[in-house]
Amino acid sequence: MLDATREALAELGWGGLTMGHVASRAGVAKTTLYRRWPSKNELVVDAVATLFDELVMPDLGSLRADIEAVVAQFADLLARPETQAALLALFAEGIRDRQLHRRIREAIVDPQKRLVHQGRTAAQARGELEPDTDADSAREEVDIIFDTIAGTVEHRVLVSGEPITPAWTRRFTDLLLGPLTTG
């Protein structure tokens, strides 16, 4: 059902997408969809959230390698037409609908911050980053790092339409790590 949602969204756009289209494409009754998702908003958010659950923070032995690997995964995910259509539609609708905006944050954005937490924890254990001394500052840093990585990669792929190459990823990682690793 979630695959059918992403496919229908890519084909029909937000305005054209209905629960009936998704049900037909998935081969289920509309009531089956409505039992699990009370609205199109909830269905699309879950369909997109499952895509992002594919992202993992590897432990490749260095913060640099970990960041480069997760950026490459994220770029590959964003290169998929169904991801692009779904994200752009959600972003546009989320601007108009405060409740949808909140659901996007709860179901997609906040859970993906786990990648930054995992990367920081591994880097701290390896001695690449200083241990956290203040929980509030650590949370703020996680937010900023997440926003920097997600925002930059999304802008490059979805807005600029430029590729994420290994050379670009290395340069981006250099710029990101500079302030994090130098006192």
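This is a predicted model: local features need pLDDT of at least 70, side-chain atom pairs count only at pLDDT 80 or more; totals for chains, interfaces and linings use all residues.
Local features need pLDDT of at least 70, side-chain atom pairs count only at pLDDT 80 or more, and totals for chains, interfaces and linings use all residues. Residues are numbered from 1 along each chain as its sequence is written, and side-chain values use heavy atoms, with hydrogens and water left out.

Start with helices α6 (residues 81-96) and α8 (residues 135-160); helices here are DSSP runs of H or I with at least four residues, numbered from the N terminus. Their axes come within 12 Å and cross at roughly 105 degrees, where axes are lines fitted to C-alpha atoms over the stretch in contact and angles run from 0 to 180 degrees between N-to-C directions. That makes α6 roughly perpendicular to α8 (angles of 65 to 115 degrees). On the α6 side, Gln-84, Leu-87, Leu-88 and Phe-91 make the contact, and on the α8 side Glu-154, Val-157 and Leu-158 do (contact means heavy atoms within 4.5 Å).

Then there's the largest pocket, with a volume of about 650 Å³. A pocket is an open set of points on a 1 Å grid over the protein atoms alone, where a 1.4 Å probe fits, with protein on both sides within 12 Å along at least five of seven lines; lining residues have an atom within 4 Å of a point. The volume is the space filled by probe spheres set on the points, which are joined across faces, edges and corners. Of the 33 lining residues, Val-109, Phe-146, Asp-147, Ala-150 and Glu-154 lie nearest the centre. Helix α7 gives the largest share of this lining, 10 residues.

Note on methods
Helices (H or I, at least four residues) and strands (E, at least two) are DSSP runs, numbered from the N terminus. Angles under 35 degrees count as roughly parallel, over 145 as roughly antiparallel, 65 to 115 as roughly perpendicular and the rest as oblique.
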